[in-house]
Amino acid sequence: MARGARSPEDITPAGDAESRALRPSNSLFEDDMNTFKPLVFSGVQPTGNLHLGNYLGAIRKFVALQENNDCIYCVVDLHAITAQLVHDDLRGQIRSIAAAFIASGIDPKKHIVFNQSAVPQHAELAWVFNCVARIGWMNRMTQFKDKAGKDRENASLGLLAYPSLMAADILVYRATHVPVGDDQKQHLELARDIAQKFNIDFQDKIRLTDTGVDMVVGEEPIHGYFPLVEPLIDGPAPRVMSLRDGTKKMSKSDPSDLSRINLMDDQDEILKKIRKAKTDPEGLPSDVEGLKGRPEADNLVGIYAALADKTKEQVIAEFGGQQFSVFKPALADLAVHVLAPITTEMRRLMDDTTHIDAILRDGGERARARAEKVMGEVFDIVGFLR
Ligand code: AQP
């Protein structure tokens with residue numbers, strides 16, 4: 001942890017009366033480049049319909065964190081062309097993610113909501129990080145292996161370099177905390193490795209340019225420029241699984257629409273998908289231990305817990321011993337109750353693209369102001385002439 005930086009404990013979700021965290025303010029613009037101020041950053045790819053996994057694993061946490069922290073939430077459109085180059089309606093997809101952020105309760109005035117391609121410094125820093133990161137690091141990423149499949153030679157270079165751009169997304173703001181689903185954990189570890197290698201390789205230059213922060217890496221004190229980001233992954237549903245296969249992640253790209261609940265699904269679709277969700281023949285166990293080895297049951301209990309803001313233990317205390325014929329309708333009612341207002345608001349916002357575009361433009365300008373400063377210092381550290 002860097003000296004002069006706040007500890008990750010300062011970053012707490014909403015509702016924690018003991019929170020010592022920063023209040024939202026205009027402080028994103030304060031000139032305090034010599035400390036690591038707590039700053040939350042996260043992004044969502046505009047690659048299709050948002051689903052319950054994206055909502056519970058990411059967006060719901062974004063909303064909670066904005067109460068006590070400065071936050072930057074990004075529609076990561078540059079990432080959207082890594083796996084599929086040509087999209088029918090990329091602009092529409094970008095707007096729909098922004099609409100989901102706002103409909104879920106993110107305040108784009110107090111915080112920043114924008115699309116990644118509006119701030120060219122993401123791509124600039126990603127290039128520097130491509131030269132910091134090693135090919136072996138990228139080859140080990142499970143998401144790359146999953147998405148590239150057997151034909152790795154034919155995957156885009158962008159798909160391989162995806163985690164380097166993700167590190168740049170976060171570090172171009174020197175953000176310190178990143179709420180994500182469990183599937184992104186490995187990419188965040190890589191972002192820490194990239195920051196650490198940059199800090200160590202350039203530490204003399206960082207000192208010479210009078211930038212950076214005294215920090216300890218392992219046992220060694222160094223003067224580093226980038227913080228080592230902390231992932232925020234906890235909660236009862238850090239990895240929401242497919243409704244058709246409890247061993248597979250719920251995903252936008254799953255060919256079966258029955259595998260996921262989309263944020264734009266109507267009540268009937270939600271009821272049908274939960275009714276058809278795969279389960280085993282037994283009812284719910286009488287304690288949480290009994291969910292072990294039963295991925296589908298565990299997943300549905302986790303979803304209920306996350307939607308109800310409860311622990312799995314509390315859900316089992318209420319439904320333990322009951323059949324799925326009792327639990328599934330209760331889960332479906334809860335899902336409709338939580339998601340219907342978001343869906344309605346998303347539809348309303350999507351009808352007014354001028355409003356969404358204005359929010360993204362304003363967010364982009366404010367994000368760029370911060371990113372330009374950081375990138376200017378990176379140019380000085382690396383030694384580019386500007
Ligand atoms: N199943 C999930 N459970 C919990 N969190 C999840 N996230 C995604 N799926 C789950 C989290 O949502 C955020 C945004 O993800 P993304 O769209 O940027 O990329 P992804 O992780 O690749 O999501 P998908 O839905 O699986 O998309 P495709 O099918 O295109 O790969 C991230 O914080 C992610 O952790």
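Within the largest nonpolar core, which has 102 residues, Ala-98, Ile-170 and Ala-191 touch the most other members. Such a core is a set of buried Ala, Val, Leu, Ile, Met, Phe, Trp, Tyr and Cys residues joined through C-beta atoms within 7 Å; a residue is buried if 20 or more other C-beta atoms, placed from the backbone, lie within 10 Å of its own. Helix α13 (residues 324–350) supplies the largest share of this core, nine residues. The core lies between domain 1 (8–18 + 33–236 + 352–382) and domain 2 (257–350), because both give residues to it.

The model is predicted: local features need pLDDT of at least 70 and side-chain atom pairs pLDDT 80 or more, whereas totals for chains, interfaces and linings use all residues. Residues are numbered from 1 along each chain as its sequence is written.

Domain bounds come from an automatic or database domain assignment. The centres of the two domains, taken over C-alpha atoms, are 30 Å apart. Across the boundary, 19 residues of domain 1 are in contact with 16 residues of domain 2, contact meaning C-beta atoms, placed from the backbone, within 7 Å. On the side of domain 1 that touches domain 2, two or more residues come from each of α1 (52–65), α3 (90–104) and α14 (353–382); helices here are DSSP runs (H or I, at least four residues), numbered from the N terminus. The largest share of that side, seven residues, belongs to α3.

Helix α1 is mostly covered, with 13 of its 14 residues buried. A kink of about 35 degrees in α1 is centred on Ala-58, the bend being the angle between axes fitted to the seven residues ending there and the seven starting there.

Definitions and conventions. Contact = placed C-beta atoms within 7 Å. Buried ≥ 20, exposed ≤ 12 C-beta atoms within 10 Å, placed from the backbone.
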